[in-house]
Structures are given as structure tokens and as C-alpha cells.
Amino acid sequence: METPSCPYHDPFKKARQENGAMETEVAGEKLALILGHKGVRTAARDHETFSSDAPFRVPIPSEEDARSVRQLPIETNPPEHKEYRAIVEPFFRRPLQKEYIARIEALIDELVDQGVQQESVEIVSEFALPLQSRALTYLLDVPENEADIWVGWGVHVFRDGNSNDSQKGKALDNYLHEQLDQAEQNPGDDFFSALTKAEYQGQPLTRDQMLGFANLTFAGGRDTVIHSISSTIAYLSEHPEALVALRENPKLVITATEELMRYISPITQIGRVCPVATDVHGVQVEADSRVALNWASANFDETVFDSPEEVRLDRKPNPHIAFGNGTHNCLGAIHARLIIRSLLKKLSKLKSITQLSAERSIEKEVDYERALGFKNLTVTLDQ
Amino acid sequence: MPKVTFITPDGEKTTIDNADGTLMEVATDYGITGIDAICGGVCSCATCHVRVTDEWKEKVGPQNDTEKDILDLEDGADDNSRLSCQIELTDELDGLVVEVVEL
């Protein structure tokens, strides 16, 4: 299946082919990007050389200014990571349950049916944002109308392209404190209550630990899911034959979801700190400096993926690492997959999706530009 | 169609008659603990990792290239490891026994 050439896909190709790594600067920080599939996967598992025990420094750009707590479990190394992750994992495994799957499918049916009734739909704000927010209420087992508040936070809970990231971060902190206060006073079965009841190494969680889990939950699955939804819909609008293929072969939904996630790679990269000076594929990294595990580049590694710039909805095997790799792999991966699968299943029943206007969101850095989602995407959904 | 038995890390045995498709599909259809198979069988997630017992190793066959690449970096993987999404069930595998590797 042909994909329109996009100058912003795979901007790491040359460096990956030549060295497997590149030295660059992202948001003013010197970084070594690890680019090859095997190199990224190997580094993701080498916690001594490439450490996650680094508060605020796992995301790229780093988030010292945007939040006050270490995100859990992601900003820890094994063995501590395993016990931290086990505290919240039951919530993130709920999307494996049949009843949960049916609930997400019903939500997507409702939103798509509503979109069909409208003259046009702005996918980012009118569709993806409410979908992500309402789906998260299901995951956290909180009342669905909480989503009304979350929608107001926008695509990214910290960043809005302006300089008030710290204000946005504080607003999230305040909200999370309120939820945890309420859960402590009146515990239920929801995510916040579970945090107030949880123990780490035999001790109740501190408030900062609770905030660390909650902060990651709200930040980690936000812009990533929204970009995945908008990019999926954009792809289908540009490839009407994909709608037909999915309609004629419903099993294609599974492989198509994986392929779109590979192609979209909703997080370009994630950071690790080198505790000591390290040679990274020829790039010298100073002690306490960072490397990036570049999932987006690894997912276009031509030594692993045949014609990586082509979207093949039936690609199999497809050992992509769009959800990370190793012990720190994405906690929300089951949920995110369910959302995209359900979306493809529902959209395949439409006659067409017509793009009326689109503005891509571009990550612009010193040495590369990469397309990632949309600022806005207006379409008609035609039944 | 073959009969297959899964042994989960806690020692529980589940035998399924008339198994069809891939070993992973059978495991998820029957809710075998430890087989999440979250990528649906494209060899991306390694959450369908099983260990084939010695007596079945030859009949099941070796890891394919992609699978080997994935398993090379997986904790707890050894020569008997397979990703169950890569095992297509045939009559020749009637009686197959595999151990589910803890996630």
C-alpha cells in the first residue's frame, strides 16, 4: 500500500545507517540519540549504563520545570521498578477484560456516530481529546464526567507551546492532590483510592509517590494517544482503499493497529542518564548526561522492516517498539491498542473519510524535523 | 485437530482438545494465565512467551529469525523458548505440552 511521501518521516535514516547513533541538541540539551532497532532494544535493557533512576529526566525534553515529583514507576530502575509497577498494573490490565473492551467500543461508536451527524469534525479537539479523556475515566474507574475537567487541559497536560508549562503542571498537581484527599477520606475502588491503600516495601505510599504514579498516568497517555488517533484518521482519509480492506477483512484490524503504531511512533524518543562517561556507538557521552532511545528511528530500521516507509496493514511479523521495550515498556499499551483497534473497527464501516483541512504538528529540533500528530485535522465522516 | 497442554508458572495444567490456529490464539481464547499476547501475534510484545518441553522441541522446531531476535533479549528465555504466536498448530503437534513463562 503506497504512502504519500512525507519529508518528516524517518529524519534519522542517514545517521542510523551510518553510525547507529547521532549527536545532537534537543531543547538546548546535548544528547546522543541511539537509532538502530537492536541498539535501542539493547540499551533499554541495560539499566546500569543507561539509567532510568533520574527524576524528571526520562522524558525528552526533561520536565524539571513542569512538575514537582518523580514519575512512577518509569523513573526508577529494576529491582525497585518491578515493585512500583506492580502497584498500578492491575488497572492497566483492565482493558484485557471483555466487558471493558465492549465499553470502549461503545464509546467509540457513540463518538463516531455523533461525528457522522455533524457537517464536519475537528478530530483533535472534538474527537480525540474527549475520546482519550473519557476512556481514561474507564481505565481509572472514576466517574465519566471527570473527563469534562480533563478535556479542558488540552492535548498535553504540561505543555501548550507557550512558556507557562509550570503553571499547567501546578494545575495538574492541585487536581491530583484533591483527588487523593477525597480518596483518603472516602476510599472506593478507583485508581486514586488504590494509591492511598498501596504499600511500597511494606510502608504506605507517601503523597509524593502517589502523585508520581498519578502524574505519569495523566501525562504519559495523553498527547501520545491523541496523536495516534488523529494520525490514524488522517491515514484512513488519505487511503480510502484501507477502509475497504478493513471492512472486507475484519481480522486486519489487529495487524493494521500494530503497523500504524509503528509508522506513527507516538513518542519519538525517551531518555536515559549515563551515570559514567560512555561511548555510545562512537558518540562520547559525559557522566550524568543523557542518551535518547529513539523508538521512531528504530521502527524504520530497514535491516528489520522491509520497506519501512510503506504502511502495510498486514505486516507480520512486525517487531516494532512503538510502546517501548523491556521492563519499562508502556503501561498503557493494552489500553492504547484497544482504542486504535476499536477505532479501526468502527471507522471501517464508513463509506469514506474526507479531509477538509489539516495542520501537522512538527517536532522541530536543531538537526531534524519530525511529524507527530496534528494541531488540527478537520474531516467529514461519511456513512 | 491437536490436543495441547499449558502449564502456568504456578503449576496449573490446562489441556485443550481440538486446538486450532496458533498456540497463542488458543491460549488467549481459553484465558491461559500469563499469555497476554497484547500485540495480537505480530511478534512485537513477547507477552506470549512459552517454553517447549524437551520431548516436543524437535517437532515444534526452532525460533524463526524475528522471534530469535526478540527472545535473545528477553529475561528468562533459553533454547526451549518460543513465542506462541509463531507456532502454528498441526496434527503433528497433537499432545504438545508447553510451560508458560512468567510475564
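**Close-up views of a predicted two-chain model**

**View 1. A three-strand open sheet in chain A.** The strands of this open sheet in chain A run in the order 3-11-10, and their pairing is antiparallel. Strand 3 (121–122) and strand 10 (352–364) of chain A sit at the edges with a single partner strand each, so one side of each has no neighbour in the sheet. Strand 3 of chain A joins strand 11 (residues 369–382) of chain A through two bridges, in the antiparallel sense. One spot to look for is A:Glu122, which stands opposite A:Thr378 in strand 11 of chain A. Helix 10 (residues 223–238) of chain A packs on the sheet and touches strand 10 and strand 11 of chain A. The direction of helix 10 makes about 60° with that of strand 11 of chain A.

A few notes on reading these views: this is a predicted model, in which local features need pLDDT of at least 70, side-chain atom pairs count only at pLDDT 80 or more, and totals for chains, interfaces and linings use all residues. Residues are numbered from 1 along each chain as its sequence is written, while chains are lettered from A and ligands numbered from 1 in the order in which they are written. Helices (H or I, at least four residues) and strands (E, at least two) are DSSP runs, numbered from the N terminus. Strands pair if DSSP finds at least two bridges between them. Axes are lines fitted to C-alpha atoms, for helices over the stretch in contact, and angles run from 0 to 180 degrees between N-to-C directions.

**View 2. Chain A as a whole.** Chain A has 14 helices and 11 strands. The C-alpha atoms of chain A fill a box of roughly 60 × 55 × 40 Å along the principal axes. Of its 383 residues, 48% count as buried; that takes 20 or more other C-beta atoms within 10 Å of the residue's own, while 12 or fewer makes a residue exposed and anything in between partly exposed, with C-beta atoms placed from the backbone. Among contacts in chain A with a separation of 6 or more, 70% link residues 24 or more positions apart (a contact means C-beta atoms, placed from the backbone, within 7 Å).

**View 3. An enclosed strand in chain A.** Strand 6 (residues 270–274) of chain A is largely enclosed by the rest of the structure, because four of its five residues are buried. Its antiparallel pairing with strand 9 (residues 289–293) of chain A runs over five bridges. Look for A:Gly271, whose bridge partner in strand 9 of chain A is A:Ala292.

View 4. The peptide bond from A:Ile60 to A:Pro61 is cis, with omega near -5°, and A:Pro61 lies in the loop between helix 2 (37–44) and helix 3 (80–92) of chain A. Another cis bond goes from A:Lys316 to A:Pro317, with omega near 5°. A:Pro317 belongs to the loop between helix 13 (295–298) and helix 14 (333–347) of chain A, and A:Ser307 is in the loop between helix 13 and helix 14 as well. A:Ser307 is not a glycine, yet its phi is positive, near 45°; with 10 C-beta neighbours inside 10 Å, A:Ser307 counts as exposed. A:Asp141 also has a positive phi, about 60°, and lies in the loop between helix 5 (123–140) and helix 6 (146–151) of chain A.

**View 5. The five-strand sheet of chain B.** This open sheet has the order 2-1-5-3-4, with mixed pairing. Strand 2 (13–16) and strand 4 (81–83) of chain B are at its edges. Direction ignored, neighbouring strands of the sheet are turned by 35° against each other on average. Strand 3 (residues 49–52) of chain B pairs with strand 4 of chain B in the antiparallel sense over three bridges, and B:Arg51 stands opposite B:Ser81 in strand 4.

**View 6. Where the chains meet.** The contact takes 12 residues from chain B and 15 residues from chain A. On the chain B side, the residues divide into six nonpolar, four polar and two charged (Ala, Val, Leu, Ile, Met, Phe, Trp, Tyr, Cys and Pro count as nonpolar, Asp, Glu, Lys and Arg as charged, and the others, Gly among them, as polar). The model scores ipTM 0.95 and pTM 0.96.

Definitions and conventions:
Contact = placed C-beta atoms within 7 Å.
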